[in-house]
Every structure is written in C-alpha cells, then in structure tokens.
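Dear colleague,

Please find below the structure that I am handing over to you. My notes on it follow directly after.

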Amino acid sequence: MAFIIFGVLLVGSFVLLLGVGGKQLYKLNNEEREDVIRQVYHYAVAFITLIMVIGGGVFAFMAVADYVSPNTYVESFEDYKNMRDYHPKYENSEVKREELSEEELRRQYDLMVEQQIENNKQRALNSFVKSLGWIIIPLPIFVFFQRRISREKGYK
C-alpha cells in the first residue's frame, strides 16, 4: 500500500516538474518535446520499479529473519495452568471438567507452544513468497526500461 501511495506521489511530482519545465518545452519543436517526455517517462518507470524491487528485497529479508527466529509471545506454563483451572465455562455447568496431571498439562502446553511457533514460521514463509512477488514482477520491467534508457543515450 505504501508503494502505491509513493508511486502516485512520485508520478505527481514528475507531472509538476513537467508543468514547470513546460515553459521550456514550448521552445522545442514537436520531436524534441516528445523525446523529453519519453525520457522522463522511462526514468520514472525505471525509478518506480527499482523502488519496488528494493522494498521487496527488504520485506523478503524481514520474512527470512522471522522464519529463522520467530518472534512468538507465549504465555508461561503457570498462566496456562491457571487458565485451565479457573475456566469460567465450567463454573455453572453440570459438565465436569477432567482433571489432568501436571505432566499431561505440561505436554499440552508444549504442544501449544510448538503450534504457535509453527504458525509464525508459516506466516513468515507466506510473507516471503509475497515479497518475492515484489521483486520478480517489477524486475524485468526495470531491466527493460534501463536498457531502453542506455540505448537511447547511445544514439545521442
């Protein structure tokens, strides 16, 4: 979302620059004017796609870091045990709650912790794949326009 806002602001600033530079564009003939507009367009597209690739790289790095070292908040075993002991669902109910041993509670707690860590790793992996999209999709467009800019500079 931030990239879209940034892109709109960037295009808006280029339009303003063209408006300010438009006074000098009137002094040029039609072919030269089209050439300047084409160059500005090529540079704008190359810049925006470069920013997208850099942002995708940063997001991909952050996702890999989250996968390697998941940032998981896990309640303590005592909190987990107290939550099970004083659960309001069983206070006014005829259903009797089963009493679990300390070892069984510890096993359930460890399973819950492992599940949360796995969920965070899965989210990080999903985020990494999405970040690759921010690299793979705009990269060919950037390369295409960069080559076009270099080729046009070579002709002049």
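This is a predicted model: local features need pLDDT of at least 70, side-chain atom pairs count only at pLDDT 80 or more; totals for chains, interfaces and linings use all residues.

Residues are numbered from 1 along each chain as its sequence is written, and side-chain values use heavy atoms, with hydrogens and water left out.

Helices are DSSP runs of H or I with at least four residues, numbered from the N terminus. Helix α5 covers residues 138-155.

Pro-138, Phe-142, Phe-145, Ile-149 and Glu-152 are the buried residues of α5 (buried means under 20% relative accessible area, exposed over 50%, partly exposed in between, with a 1.4 Å probe and protein chains only). Seen down the axis of α5, these buried residues fall within an arc of 100° (from the directions between helix axis and C-beta atoms), so they line one face of the helix. The face turned away from the buried side carries the exposed residues Pro-140, Arg-147, Gly-154 and Tyr-155.

The buried residues of α5 pack against α2 and α4 (contact means heavy atoms within 4.5 Å). Helix α4 has 35 residues and reaches 51 Å from its first C-alpha to its last; its buried residues include Leu-105 and Tyr-109.

Helix α2 comprises residues 30-68 and contains Met-62, which is partly exposed because its relative accessibility is 44%.

Yours sincerely

Terms used. Helices (H or I, at least four residues) and strands (E, at least two) are DSSP runs, numbered from the N terminus. The expected span of a helix is 1.5 Å times one less than its number of residues.
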